[in-house]
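Colleague: Could you walk me through one part of this model up close? Pick a spot and take your time with it.

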Amino acid sequence: MKSDSLTMPNDQKNSRRSLEQSQAWLKRAEKLIPGCSQTFSKGPTQFMQGVAPNFIAKAKGAHVWDVDGNRYLDYILGLGPIILGHGYPAVQEAVIAQMENGLSYSLPHTLEVEVAELLAELIPCAEMVRFAKNGSDVTTAAVRVSRGFTRRDKVACCGYHGWQDWFIGSTSRNLGVPEAVRKLTVTFSYNDLAALHRVFHDHPNEIACVILEPVTFNLPSAGYLEGVKELCRKNGALLVFDEVVTGFRIDLRGAQGYFGVTPDLACFGKGIANGFPLAAITGRAEVMRLFTEVFFSTTHGGEALSLAAGLTTINEMRSKDVIGHLKKVGQKLKDETNRLAAQHGIARNVECAGLPAWTTLRFCDAEGKASPALRSLFQQEALKRGLLTHGNHMLSFSHDDAIIEFTLRAYGEIFAILAEALGNNSVEQRLESAALQPVIRQST
Ligand code: PLP
């Protein structure tokens with residue numbers, strides 16, 4: 001989609017930006033909302049305070065406006081679900097048309113069947129489909145149905161899979177998860193078949209399923225995903241792909257179609273409905289049929305506005321080659337970012353990695369260790385130049401060439417600052433607030 005008059009944020013260097021309203025709203029939120037946000041990654045701990053806005057007022061295309069009226073290019077996109085762009089007209093029209101006929105009923109709506117048919121047509125493993133609202137709903141449903149199917153209790157995982165006990169108990173942020181539950185999840189490292197082999201060796205006939213993101217910012221090494229599938233088969237465990245991010249972003253068939261490895265089950269949750277809350281679990285009929293028995297039932301699972309948004313989003317993605325667009329602009333952003341880092345002599349400190357539609361900037365210190373301080377300095381300077389970012393690039397159909405060019409011009413300025421700060425060892429002194437810390441420190 002072409003960006004029109006909305007293409008560029010004003011040349012609004014920080015000195016001219018007011019954040020008064022943002023700070024006033026934050027004070028109100030602090031009194032009532034623990035963490036001031038419903039999502040850790042959207043809260044004030046994840047943005048450089050004093051430089052970052054705290055509240056968004058509106059969004060259109062690739063841009064958002066904060067409550068003080070400042071405009072930013074959005075590289076977070078609601079943490080991924082905005083795939084076409086904010087307020088994409090065809091999706092808005094479909095939702096408004098559906099709203100005329102209601103959104104929540106006492107019997108299923110035909111949209112449930114239509115969207116299920118579309119997913120079954122596109123996604124290799126999708127012999128049957130169930131819907132929900134959040135990625136966590138469907139990863140948890142996948143774990144429960146795998147336990148029911150295999151009559152085993154343990155789960156092996158690798159990656160981030162949401163807020164539910166079975167997964168979050170395996171991380172550093174496990175307060176409130178009973179020890180008994182934590183013992184049932186084991187973790188393994190990505191791209192390390194020997195590690196998964198050890199999991200099966202140490203827990204013989206106990207693993208119900210292996211759940212992993214098929215790709216994040218490291219590509220699977222040759223034969224890795226095939227090897228995971230084979231290990232699962234040999235050990236009687238189900239293979240679940242968590243495609244909450246990759247689905248409808250790197251390929252319309254999901255990462256499973258892109259890499260040619262079909263899991264038993266797959267979970268989708270972002271990108272599917274351009275920001276409307278829709279998640280799906282798909283998979284082999286033999287396993288999925290067990291959902292007639294396994295309890296997975298929510299009040300809002302069949303909510304019709306999100307299904308209407310999903311139908312339109314997927315059809316729009318198909319007819320307009322949205323995946324091709326994301327690849328094209330993403331590849332340019334990745335290549336040019338890495339070229340700029342090299343030009344400024346900081347290629348060892350800043351690297352753009354991942355598949356084009358979803359890349360990350362890796363920030364390292366002189367010893368090659370991850371550097372939260374450098375990431376923080378990057379975010380601080382990016383915000384001053386009208387880029388809303390955590391250091392990842394989520395792209396949408398509304399991110400066009402002009403937007404990428406603007407971003408790269410900003411990166412040229414920012415990388416010059418990072419190079420100077422690294423050169424004279426002043427990264428931390430240049431931070432205008434405390435350095436950012438990851439939401440989850442490490443997997444245990
Ligand atoms: N799985 C992956 C790979 C995710 O990135 C996320 C969320 O970021 C989830 C699961 C959980 O999704 P939700 O936050 O919608 O529950």
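Modeller: Let's zoom in on glycine 35. If we skip its neighbours within four places in sequence, glycine 35 is in contact with Gly43 and Pro44. Keep in mind that this is a predicted model. Where does glycine 35 belong? You'll find it in the loop between helix H1 (20-32) and S1. Glycine 35 counts as exposed, because its relative accessibility is 54% and the cut-off for exposed is over 50%.

S13 runs parallel to strand S3 (residues 71-74), and two bridges join them. In one of these pairings, aspartate 74 has leucine 388 in S13 as its bridge partner.

The disulfide count is zero. Take cysteine 157: the closest cysteine sulfur belongs to cysteine 158 and is 7.5 Å away, so that's too far for a bond, given that a disulfide needs the sulfurs within 2.5 Å. Cysteine 352 isn't in a disulfide either, with its nearest cysteine sulfur, in cysteine 364, 13 Å away. Cysteine 157 is buried, at 1% relative accessible area, and cysteine 352 is buried too, at 2%.

How values were computed. Residues are numbered from 1 along each chain as its sequence is written. This is a predicted model: local features need pLDDT of at least 70, side-chain atom pairs count only at pLDDT 80 or more; totals for chains, interfaces and linings use all residues. Side-chain values use heavy atoms; hydrogens and water are left out. Two strands pair if DSSP finds at least two bridges between them. Helices (H or I, at least four residues) and strands (E, at least two) are DSSP runs, numbered from the N terminus. Buried means under 20% relative accessible area, exposed over 50%, partly exposed in between (1.4 Å probe, protein chains only). Contact means heavy atoms within 4.5 Å.
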